[in-house]
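Dear colleague,

I am passing on to you the structure we talked about, and I would be grateful if you could look through it alongside the notes below.

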Amino acid sequence: MPTKEKLLRQLFQKRLPRDFTKQELAQLMSQCGCVKGQGGRGSGIRFYHESSGRILAFDEPHPENALYPYQVKLTRQFLRDIGEYKED
């Protein structure tokens with residue numbers, strides 16, 4: 001299992017990663033204290049950060065496993081907001 005630091009480095013590289021998968025997202029969010037839940041619709045993904053009460057939600061990418069660029073951007077902002085990533 002990749003470490004939290006490795007997944008954060010991969011997600012926050014200068015260029016948007018085109019190969020960050022929903023499985024890697026689930027691992028990272030779990031390591032950041034988030035609980036995965038069902039989104040509002042059938043293919044929705046939802047992560048609830050228990051400490052802050054914040055929610056990250058979007059439709060699951062399909063048919064591929066890689067997140068779409070807008071989902072990567074939302075995830076990056078969410079991680080900044082909950083204090084899991086600090087800019088250098």
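What follows is a description of what was found, taken region by region.

Please keep in mind throughout that this is a predicted model.

I begin with helix H2, which spans residues 22–31 and in which Lys22, Glu24, Leu25, Leu28 and Met29 are buried. These residues lie on the same side of H2, because the arc that they cover around the axis is only 150°. After H2 comes Gly33, for which the phi angle is positive, with a value near 85°.

The cysteines deserve a separate word. With a disulfide taken as a pair of cysteine sulfur atoms within 2.5 Å, the count of disulfides comes to zero. Cys32 is in no disulfide, since the nearest cysteine sulfur, which belongs to Cys34, is 6.1 Å away, and Cys34 is likewise in none, its nearest cysteine sulfur being that of Cys32 at 6.1 Å. Both residues fall under the 20% relative accessible area that marks a residue as buried: Cys32 has a relative accessibility of 3% and is therefore counted as buried, and Cys34, with a relative accessibility of 9%, is counted as buried too.

If its neighbours within four places in sequence are left aside, Leu56 is in contact with Met29, Ile45, Arg46, Phe47, Leu74, Thr75 and Phe78. One of these, Met29, is among the buried residues of H2 described above. Leu56 and Lys6, for their part, are separated by 50 residues in sequence and by 21 Å in space, from C-alpha to C-alpha.

Finally, there is the surface to consider, where Val35, Tyr48 and Ile55 form a nonpolar patch whose accessible area, for the three residues together, is about 230 Å². Of these, Tyr48 has its place in strand S2, which covers residues 44–49. Tyr48 is classed as partly exposed, because its relative accessible area is 30% and that class takes in what lies between under 20%, which is buried, and over 50%, which is exposed.

With kind regards

Key: Residues numbered from 1 in each chain as written. Predicted model: local features only at pLDDT ≥ 70, side-chain atom pairs only at ≥ 80, totals over all residues. Heavy atoms only, no water. Patch = residues over 30% accessible without salt bridge, like charges linked within 9 Å, V, L, I, M, F, W, Y side chains within 5 Å. Areas by Shrake-Rupley, 256 points an atom, 1.4 Å probe, with all protein chains shown as cover. Salt bridge = Lys/Arg side-chain N within 4 Å of Asp/Glu carboxyl O. Helix = DSSP H or I, 4+ residues; strand = E, 2+ residues; numbered from the N terminus. Buried < 20%, exposed > 50% of the residue type's maximum accessible area, 1.4 Å probe, protein only. Arc of directions from axis to C-beta. Contact = heavy atoms within 4.5 Å.
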